[in-house]
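These notes are for a colleague opening this structure for the first time.

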Amino acid sequence: MAGRELRIGVDFDNTIVCYDEVFYRMALADKLIPAELPRDKTAVRDHLRAIGREDRWTAMQGLVYGERMAEAKPFPGVREFLSACALKAFPVSIISHRTRQPIVGEPCDLHAAAYRWLEANGIVDLVPREAIYFRETRQEKVTRIRETGCTHFIDDLPEFLAEPLLPPDLHRILFDPARVVREKAGLTVAASWAEIQSSFGA
């Protein structure tokens, strides 16, 4: 596809940013999980819920997405994908549903923390600041995708990609590095950023 025909939207949390190690280290330090638990955000969350510590999971999210955001790493291949899109002149927007303050815990500007992370990891060199949007509700995220005119959107949540208010002709790409989701009609499933990059011919 020619670059002018594409407008690619990308989610932020758990799509560009990988939090697996941060959640694992925090939970292990607090003696909330066994050391042999997989170093995976979902495994940590499921374990805490199973032992009745949903409250601790919610508090950890506020810390990881705020004060400890700097410890998170980009998913392998995401910078290469964004760099290839920039070289091909494929317009890319980052569009994320992220509250400005944690649900529980100390106040912290989670949007500012995300911008700092994007700067520290060189993403703002590949996606212009004016093409990065953090929205406080899911509906606002959907609206921004529509307003931006995205032809493709990449997200880690199948339930979001199934949102009926998304444009009907939007090409929906599920980023599923754990390979837990089977192929679904109307949904492209990719296990890596290299796979996504290849699909765009970038």
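1. A crossing of two helices is called left-handed if the near helix is turned anticlockwise from the far one by less than a right angle, and right-handed if clockwise. In this predicted model, helix H1 passes helix H3 in a right-handed crossing.

2. The axes of H1 (residues 20-29) and H3 come within 11 Å and cross at roughly 125°.

3. On the H1 side, the contact is formed by Val22, Phe23, Met26 and Ala27. H3 contributes Arg56, Trp57, Met60, Gln61, Leu63 and Val64. By class, this contact of H1 with H3 has eight nonpolar residues, one polar and one charged.

4. H3 (residues 54-64) also packs against helix H2 (residues 41-50), at an angle of about 145° and with the axes 7 Å apart. Lys41, Val44, Arg45, Leu48 and Arg49 of H2 meet Glu54, Trp57 and Met60 of H3. The residues of this contact are four nonpolar and four charged, with no polar ones.

5. The largest pocket has a volume of about 1,100 Å³. It is lined by 40 residues, of which Asn14, Lys41, Tyr65, Asp156 and Leu157 are the closest to its centre.

6. Which elements each supply at least two residues of that lining? They are H2, H3, strand E4 (92-97), helix H6 (138-148), helix H7 (158-161) and strand E7 (171-175). The lining of the largest pocket comprises 17 nonpolar, nine polar and 14 charged residues.

Conventions. Residues numbered from 1 in each chain as written. Predicted model: local features only at pLDDT ≥ 70, side-chain atom pairs only at ≥ 80, totals over all residues. Heavy atoms only, no water. Axes fitted to C-alpha atoms, helices over the stretch in contact; angles between N-to-C directions. Helix = DSSP H or I, 4+ residues; strand = E, 2+ residues; numbered from the N terminus. Contact = heavy atoms within 4.5 Å. Nonpolar A, V, L, I, M, F, W, Y, C, P; charged D, E, K, R; others polar. 1 Å grid on protein atoms, 1.4 Å probe; cavity = no way out; pocket = protein on both sides within 12 Å on 5 of 7 lines; lining within 4 Å. Points joined across faces, edges and corners; volume = space filled by probe spheres on them.
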